[in-house]
There are 2 protein chains.
Amino acid sequence: MKKNVLIIGAGGVAQVVAHKCAQNNDVFGALHIASRTKSKCDAIVASVHEKKAMKVDGTFDTHEVNARDTAAVTDLIRKVDAQIVINVGSAFVNMYVLDACIETGAAYIDTAIHEEPEKICETPPWYANYEWKRRDTCTEKGITAILGAGFDPGVVNAYARFAIDQMDEVKSIDIVDINAGSHGRYFATNFDPEINFREFTGTVYYWEDQKWKETSMFASGKTWDLPVVGPSKAYQSGHDEVHSLATNYPQADVRFWMGFGDHYINVFTVLKSLGLLSEQPVKTAEGQEVVPLKVVKAVLPDPSSLAPDYTGKTCIGDLVKGTKDGKDVELFVYNVADHKEAYEEVGSQGISYTAGVPPVAAAMLVASGEWDAKTMKNVEELDPKPFFTILDKIGLPTRVQIGGIGGEDKAWNA
Amino acid sequence: MKKNVLIIGAGGVAQVVAHKCAQNNDVFGALHIASRTKSKCDAIVASVHEKKAMKVDGTFDTHEVNARDTAAVTDLIRKVDAQIVINVGSAFVNMYVLDACIETGAAYIDTAIHEEPEKICETPPWYANYEWKRRDTCTEKGITAILGAGFDPGVVNAYARFAIDQMDEVKSIDIVDINAGSHGRYFATNFDPEINFREFTGTVYYWEDQKWKETSMFASGKTWDLPVVGPSKAYQSGHDEVHSLATNYPQADVRFWMGFGDHYINVFTVLKSLGLLSEQPVKTAEGQEVVPLKVVKAVLPDPSSLAPDYTGKTCIGDLVKGTKDGKDVELFVYNVADHKEAYEEVGSQGISYTAGVPPVAAAMLVASGEWDAKTMKNVEELDPKPFFTILDKIGLPTRVQIGGIGGEDKAWNA
């Protein structure tokens with residue numbers, strides 16, 4: 001029997017997930033989407049029908065749920081008889097949704113680590129603070145839980161695994177994420193500003209010489225000359241995948257680099273220096289308690305509102321260095337996506353697109369059994385080839401440059 | 001009988017007013033200070049006694065009052081039998097305090113125009129929107145009300161009057177305010193951030209060719225080479241005194257220029273562009289209604305906390321151009337103040353000092369009868385010479401450069 005899918009969340013990424021599930025609903029059973037605000041789910045399903053995205057006849061129902069209430073999520077999973085839950089709600093809900101999956105036996109897929117609202121950038125490896133504490137339970141109960149199955153983390157973990165599989169020894173993994181697109185606004189973040197800024201206000205952890213090292217945001221930068229987007233300045237940033245890759249490949253240096261323009265850095269620096277990115281409440285002169293970061297979020301454009309005007313391309317990839325047969329080898333495994341094409345296909349901008357397509361590919365592999373691991377896995381612990389095969393078909397083709405960035409360019413399976 | 005003084009407010013300027021009243025309490029009766037938070041008043045009076053600032057024996061009592069409650073202020077004025085009220089509370093309380101003075105017969109002195117919290121930068125001339133509507137009542141009842149008797153507005157209005165009195169015709173008045181001091185923080189405003197930013201987010205009104213013209217903040221800038229502080233970039237800004245001077249001297253062009261460094265402009269531009277300086281509430285994702293500007297205020301340093309580390313000087317003056325006996329003449333009338341000296345004398349930084357000393361000089365002239373006008377006056381409508389004589393003695397000496405900025409330099413009465 002085909003597996004029913006429940007999507008948790010109704011933001012820009014959820015919009016992509018919904019469209020992609022619909023476009024591939026021949027491999028799924030009934031589709032469901034739930035969030036705190038049901039009207040947002042209704043709008044997403046309406047856009048799915050408007051684009052005539054359902055591949056075959058089927059249902060796509062909407063629900064209201066408080067995703068931080070495990071019992072409520074458990075009830076909903078049982079009510080709709082979901083066998084796969086794709087959690088693309090806020091980063092604050094992961095553990096509640098995961099626990100509901102463990103309770104009901106549904107497979108769990110997410111795209112980013114769990115965070116507690118009042119904590120930023122906990123001790124590495126991040127997954128050990130929350131998700132990995134449930135690994136033994138998942139194994140005992142035979143629950144499939146795929147962590148961090150967006151693009152980064154997610155596809156880039158598979159890129160690393162793919163490259164490492166072709167080497168005898170891996171020495172370093174540098175993940176580079178360049179958004180060379182333009183949204184035409186004074187300033188905006190590409191996904192939830194609260195999560196976006198939280199990512200950059202804490203310590204930047206990276207793994208070198210088999211230990212955790214620390215730097216701070218924008219302290220370590222270099223220019224990367226990537227395919228299609230060209231030379232772009234990127235800075236070492238804290239990112240989920242560093243924490244699982246460093247654990248699974250402790251012999252390799254693992255770093256994450258994110259591209260930022262000078263304008264972004266200036267705005268970020270002003271806000272951070274003033275204390276406006278703080279997740280800790282302040283008290284106004286009138287005595288109102290307010291979290292500054294939530295006010296910054298309130299004045300910034302809704303990331304999903306950027307989609308219609310967004311132009312340009314993203315390039316995200318892994319430069320993996322190692323040895324093969326005693327010789328140094330380098331592979332750059334990457335994808336290029338286009339903002340405008342994403343909008344035309346699913347009504348979202350490219351950043352949401354790259355984040356939302358991969359968890360659907362993962363869900364299709366759970367549905368087919370290929371990734372139905374019956375335990376908890378990060379993406380690099382799963383075979384990347386069936387994942388790439390699906391991603392090629394559903395919008396995020398994988399390419400490789402042999403010898404490093406700028407080397408011979410080909411499809412991953414050419 | 002000597003006149004009792006009631007100070008309204010307990011911020012950085014109130015601290016200076018309290019010290020200066022104490023230092024000159026031989027011309028006053030009992031001293032009182034009241035604000036929403038009595039403990040702030042207690043701290044100010046404690047600092048007065050710590051510096052042994054009371055010139056002669058006398059009382060200095062503290063009170064709690066909601067200055068936006070005319071009845072409460074009226075009761076307090078009657079209770080303490082105040083004949084002079086120096087209002088250095090927030091700009092939102094003026095009309096309530098003024099009405100209480102009209103009710104009780106006390107003289108009223110303030111240092112800035114009335115503002116309503118939800119409105120920014122109303123139509124010119126600003127005084128006509130609120131204060132001047134009470135002028136006829138003040139005249140009928142014989143109430144002395146001296147508007148805008150800080151430094152700017154205030155002393156600079158007297159500077160203009162002093163220069164114009166030496167001319168047959170005035171052609172232009174350019175007021176230049178340069179703070180060349182350093183507070184050593186990443187960013188801070190020198191007085192209440194809410195008022196400070198409100199001043200710069202609206203239309204910049206100025207008076208040229210006998211009509212109101214408009215520009216926007218930082219659109220019109222030039223470098224002024226002022227005494228002591230040297231060449232400094234200043235930008236046309238909206239300011240209270242432009243509105244009264246243009247009304248009283250309609251034949252003259254009237255402009256106000258405030259000095260800003262590139263760093264201030266960058267921070268301001270980022271905050272304004274993002275909408276964080278808005279006085280209009282926004283709603284967070286959690287549904288909390290918040291005024292962004294109040295949150296910015298909450299994260300910035302308390303202006304009074306800057307005082308101990310503040311170094312450097314301010315120069316504020318009027319370049320007045322006109323004709324005398326058929327020839328073009330120029331006078332630059334100015335003061336230079338020192339942040340560190342201000343702190344050592346009264347425990348405040350220079351910006352609070354320059355704003356807080358003049359209303360006490362005005363109160364001394366009301367007490368002596370010289371400025372007890374029995375109607376409503378802006379400072380340029382009063383004789384500047386006794387004002388300068390007192391300011392010379394109590395810490396803000398007036399100097400003049402003949403022939404314009406950089407010309408022969410002398411004391412105003414030399």
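In this predicted model, the area buried between chain A and chain B comes to about 2,300 Å², and carbon and sulfur atoms give 70% of that area. Within the share that chain A buries against chain B, Tyr186(A), Leu274(A) and Val299(A) supply 24%, more than any other three residues. The size of an interface is often given as the accessible area lost when the parts come together, but the interface can also be described by its residues: 29 residues of chain A are in contact with 29 residues of chain B.

Polar and charged pairs also cross this boundary. Two salt bridges are found across the interface of chain A and chain B, and Glu286(A) forms a salt bridge with Lys294(B), in which the closest N and O atoms are 2.8 Å apart. The count of residue pairs in polar contact between chain A and chain B is five, with both residues of each pair at pLDDT 80 or more. On the side of chain A that touches chain B, the elements that give two or more residues are helix H9 (262-274), strand E13 (282-283), strand E14 (289-290) and helix H10 (292-299) of chain A. Sorted by class, that side of chain A has 16 nonpolar, six polar and seven charged residues.

From the interface we turn to the sheet of chain A. Chain A has an open sheet of seven strands in the order E3-E2-E1-E4-E5-E6-E17, with parallel pairing. Strand E3 (60-64) and strand E17 (376-378) of chain A stand at the edges, and because each has a single partner strand, one side of each is left without a neighbour in the sheet. From one strand to the next, the twist averages 20°. Strands of a sheet pair through backbone hydrogen bonds, either parallel or antiparallel. In chain A, strand E1 (residues 3-8) and strand E2 (residues 28-35) pair in the parallel sense over five bridges, and Ile8(A) stands opposite Ala34(A) in E2(A).

Helices lie against this sheet. Helix H3 (residues 70-80) of chain A packs on the sheet, where it touches E1, E2, E3 and strand E4 (84-87) of chain A, and the direction of H3 makes about 145° with that of E1(A). Helix H2 (residues 38-50) of chain A lies across E2 and E3 of chain A and runs at about 165° to E3(A).

For chain B, the order of the open sheet of seven strands is E3-E2-E1-E4-E5-E6-E17, with parallel pairing. Strand E3 (60-64) and strand E17 (376-378) of chain B stand at the edges with a single partner strand each, so one side of each lacks a neighbour in the sheet. The twist in this sheet averages 20° from one strand to the next. Strand E1 (residues 3-8) and strand E4 (residues 84-87) of chain B run parallel and are joined by four bridges, with Val85(B) in E4(B) as the bridge partner of Leu6(B). Helix H3 (residues 70-80) of chain B packs on the sheet and touches E1, strand E2 (28-35), E3 and E4 of chain B, its direction making about 145° with that of E1(B).

Over all chains, the count of salt bridges comes to 47. In one of them, the side chains of Arg68(A) and Glu116(A) meet at 4.0 Å, N to O. This pair links distant parts of the chain, 48 residues apart: Arg68(A) is in the loop between E3 and H3 of chain A, and Glu116(A) is in the loop between strand E5 (107-110) and helix H5 (135-141) of chain A.

Some details of the backbone remain. Most residues other than glycine have a negative phi, and most peptide bonds are trans. Asp81(A), however, has a positive phi, near 55°, and is found in the loop between H3 and E4 of chain A. The peptide bond from Asp152(A) to Pro153(A) is cis, with omega near 5°, and Pro153(A) has its place in the loop between strand E6 (145-147) and helix H6 (155-164) of chain A. In chain B, a cis peptide bond with omega of about -10° joins Pro124(B) and Pro125(B), and Pro125(B) is in the loop between strand E5 (107-110) and helix H5 (135-141) of chain B.

Conventions:
Residues are numbered from 1 along each chain as its sequence is written. Chains are lettered from A and ligands numbered from 1 in the order in which they are written. Side-chain values use heavy atoms; hydrogens and water are left out. Two strands pair if DSSP finds at least two bridges between them. Axes are lines fitted to C-alpha atoms, for helices over the stretch in contact, and angles run from 0 to 180 degrees between N-to-C directions. Contact means heavy atoms within 4.5 Å. Buried area is the accessible area (1.4 Å probe) that two parts lose on being put together, summed over both. A polar contact is a pair of N or O atoms within 3.5 Å; within protein, one must be able to donate a hydrogen and the other to accept it, and residues adjacent in sequence count only if both atoms are side-chain atoms. Ala, Val, Leu, Ile, Met, Phe, Trp, Tyr, Cys and Pro count as nonpolar, Asp, Glu, Lys and Arg as charged, and the others, Gly among them, as polar.
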